[in-house]
Amino acid sequence: LSGGMNVVEVALDEFHRKLASLAQSEQEEESVEDAAVEGGRKVNKVEQKRRRAISEADVLIVSVTDKDNAAAIDSSIVKAIDSKVVQNVILSSIRSTDEVKRSRRMAVVDKMNKSARSASAGRRRRLDEDNENNNDDGNQQQEEGVYYVNMTPNILAGILFFFMFVMVTHLGLSCMNMIEGQDVYVKKLPAIGREV
């Protein structure tokens, strides 16, 4: 029980049976619930209990696998929406991790291809919209007004500092190279005052 409502998770064929029983009269629904023999075979207690739980359920959660037929799923959704006894139909899905990984990988590949195309098209400051990728789930709206420049102010400051450092180092080394020592070395130094 969830908030005073009976919630049951059912398969697609069980949902078809429940929808068919709702479309029929209340009398037929009770006869299906109380039937102990169906089609010449006996229905066991577990199946009777399951049918009773489904018939008393206020909310049905229909689990659909990837092996179910897509046309059958679509027709079930249409029947549920068109049915007057069904009040609300909520569609939801859970993506598998493989699908999520595949879509992320494809997004990275698309981004790499787009950047490679823009780099090969020559140097330009504004990213032009590609005609073939106009339906990227609103990505163009997010990139609208985005400018691509050759370098940021930090990169430019780093390059200027590097050139200044190289120039100062070259100047310092060339000044040190101009320092001359004496040409002749003697063992006995002249007396003080007679150095010249």
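Analyst: Let's go from the overall layout to a helix, a strand pair and some charged side chains. This is a predicted model, where local features need pLDDT of at least 70 and side-chain atom pairs count only at pLDDT 80 or more, while totals for chains, interfaces and linings use all residues. Residues are numbered from 1 along each chain as its sequence is written, and side-chain values use heavy atoms, with hydrogens and water left out.

User: How many helices and strands does the chain have, and in what pattern?

Analyst: Helices (H or I, at least four residues) and strands (E, at least two) are DSSP runs, numbered from the N terminus. Here you get seven helices and four strands, in the pattern β-α-α-β-β-α-β-α-α-α-α along the sequence.

User: What share of the residues is buried?

Analyst: Buried means under 20% relative accessible area, exposed over 50%, and partly exposed in between (1.4 Å probe, protein chains only). Of the 196 residues in this chain, 12% are buried.

User: And what do the contacts say?

Analyst: A contact means heavy atoms within 4.5 Å. Taking contacts between residues at least 6 apart in sequence, 59% join residues at least 24 apart.

User: Let's pick a helix. What span does α3 reach?

Analyst: The expected span is 1.5 Å times one less than the number of residues. Helix α3 covers residues 45-56, which is 12 residues, and reaches 16 Å from its first C-alpha to its last, close to the 16 Å expected at 1.5 Å a residue.

User: Which residues of α3 are buried?

Analyst: Those are Arg51, Ile54 and Ser55. Looking down the axis of α3, its buried residues fall within an arc of 95° (taken from the directions from the helix axis to the C-beta atoms), so they line one face of the helix. Turned away from that buried side, you'll find the exposed residues Lys45, Val46 and Lys49.

User: What about strands: which residues of β1 are on the covered face?

Analyst: In a regular strand the side chains alternate between the two faces of the sheet. In β1 (residues 7-10), Val8 and Val10 make up the covered face, whereas Val7 and Glu9 are on the uncovered one.

User: Which strand does β1 pair with?

Analyst: Two strands pair if DSSP finds at least two bridges between them. Four bridges join β1 to β4 (residues 59-62), and the two run parallel. Val8, for instance, has Leu60 in β4 as its bridge partner.

User: On to charges. How many salt bridges are there?

Analyst: Side chains of opposite charge can pair when their charged atoms come close. The cut-off for a salt bridge is a side-chain nitrogen of Lys or Arg within 4 Å of a carboxyl oxygen of Asp or Glu, and this structure holds three.

User: Which salt bridge ties together parts that are 36 residues apart in sequence?

Analyst: That's Arg50 with Glu14, at 2.9 Å from N to O. Arg50 lies in helix α3 and Glu14 in helix α1, so the pair links those two parts. Arg50 is partly exposed at 31% relative accessibility, while Glu14 is buried at 16%.

User: Where are the other pairs?

Analyst: Arg17 meets Asp13 at 3.8 Å, N to O; they sit four residues apart in α1 (residues 12-23), about one helical turn. Arg17 is partly exposed at 43% relative accessibility, and Asp13 is partly exposed at 44%. Arg51 pairs with Glu47, with the closest N and O atoms 3.0 Å apart, again four residues apart, in α3. Arg51 is buried at 13% relative accessibility, whereas Glu47 is partly exposed at 23%.
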